[in-house]
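Welcome to this tour. Please open the model in your viewer and keep the selection tool at hand.

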Amino acid sequence: MRVLLWHVHGSWATSFVHGPQTTLVPVVPDRGPDGRGRPDTFDWPDRALEVPYDRLRDEDVDVVVLQRPHELRLTEEWLGRRPGIDVPAVYVEHDTPRRTPADASLPEEVVPDSRHFLHDRSDIPVVHVTNFNHLFWNCGRAPVTVIEHGVVDPGYRYTGEMPRGAVVINDPLRRGRVTGADLLPELAAAVPLDLFGMNVVDAPARLGVPPESLWTFDDLPQARMHAELARRRVYVHPYRWTSLGLALIEAMMLGLPVVALATTEAVEAVPPEAGVLSTRVGTLAGAAAALAADPPRARQLGKEARAFAVERYGLPRFLRDWQRTLTEVTR
């Protein structure tokens, strides 16, 4: 099977391209958002092939895996075929709904009423990455399924030698309250934090956190980030409104205990024996500080976190689910 897929979400795509299919990844000359091609910071197998956008019409494509609304237009323009009509397609919904719909001509909606942009179409199935997304998006006529995340297992690597908390947030200043970036000062006052992700360098100064309480590590390659995460005592997940951060699952697989806001899918992803979940920031700050001061307990909770994550979010199940879905949509 030959699948057209844009490189949008690096960690999710890394798992997807490990399937048995040949994945065609568009590339544009400047490697901008609509044509990043293969990444430098993730390890992808050789069967993920870069294809210049202006040569896609010469490629055999069995199915298109869409991830952003405008990729319907890009498929028609670059491939010369209409998704769901001339070529089978599925749409991966990575995100929780927003109050303001993507179509500005539609009125604002409360979140539980959020209509998916494929609401009125029945020819493109919507694949949610969490059951929370399935619950909150109103997908109307669109066929819906859930394929929970799968993660390439980085192995148990926890040392916890550094009594600090690890946080992974891309663009924390731009994304703000959605990611819980505004909560970092209170959390960092309880336990020193290390912030990993893209565009994190200015976070301490902009958030008013002393540099010694919030170290930053900007856009590390995945393998190096995993090695650094494993050295931290506890993983802190402050996201208010996100589908489910793959970095959370990766941290659990590495063997880190978790302190997380009890919001969205985190309540399903982190069992009680793996850490502490609460909607009270003070409770999370206290839990992170307590784990930082108690290495044996942190290690035990981390082992439970790894066991749960490997069982629920292992790559083999994820790839089986996707192979089944792609086979069904192309049948």
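A nonpolar core is a set of buried Ala, Val, Leu, Ile, Met, Phe, Trp, Tyr and Cys residues joined through side-chain atoms within 4.5 Å. Keep that in mind as you look around, and remember that this is a predicted model.

**Stop 1: the whole chain**

Start with everything shown as a cartoon. The chain has 12 helices and 13 strands, and its C-alpha trace spans about 60 × 45 × 35 Å along the principal axes. How does the radius of gyration fit with a compact globule of 331 residues, and what is the value for this chain? Such a globule would have a radius near 20 Å, and the chain, with 20 Å, agrees. Of the 331 residues, 54% count as buried. Among contacts with a separation of 6 or more, 66% join residues 24 or more positions apart.

**Stop 2: the surface**

**Stop 3: the largest nonpolar core**

Hide the surface and select Trp12, Phe16, Val65, Leu187, Leu193 and Trp322. These are the residues with the most contacts inside the largest nonpolar core, which has 77 residues. Helix α8 (residues 246-254) gives the most to this core, with 8 residues. Apart from it lies another core, of 23 residues, including Leu4, Leu66, Leu72 and Cys139.

Zoom in on Leu193. Leaving aside neighbours within four places in sequence, its contacts include Arg164, Val167, Leu184, Leu187, Trp215 and Val236.

**Stop 4: helix α8**

Select residues 246-254. Is α8 enclosed or open to the outside? The helix is largely enclosed by the rest of the structure, because 9 of its 9 residues are buried. Just after α8, Gly255 takes a positive phi of about 110 degrees.

**Stop 5: two loop residues**

Most residues other than glycine have a negative phi. With that in mind, select Asp171, in the loop between β8 (162-168) and α4 (172-175). Asp171 is not a glycine, yet has a positive phi of about 55 degrees. Buried means under 20% relative accessible area, and Asp171, at 16%, is buried.

Finally, move to Thr264, in the loop between β12 (258-261) and α9 (266-269). Thr264 also has a positive phi, near 45 degrees, and is buried, with a relative accessible area of 10%.

Notes: Residues are numbered from 1 along each chain as its sequence is written. This is a predicted model: local features need pLDDT of at least 70, side-chain atom pairs count only at pLDDT 80 or more; totals for chains, interfaces and linings use all residues. Side-chain values use heavy atoms; hydrogens and water are left out. Helices (H or I, at least four residues) and strands (E, at least two) are DSSP runs, numbered from the N terminus. The radius of gyration is taken over C-alpha atoms; the globule rule is 2.2 Å times the number of residues to the power 0.38. Buried means under 20% relative accessible area, exposed over 50%, partly exposed in between (1.4 Å probe, protein chains only). Contact means heavy atoms within 4.5 Å.
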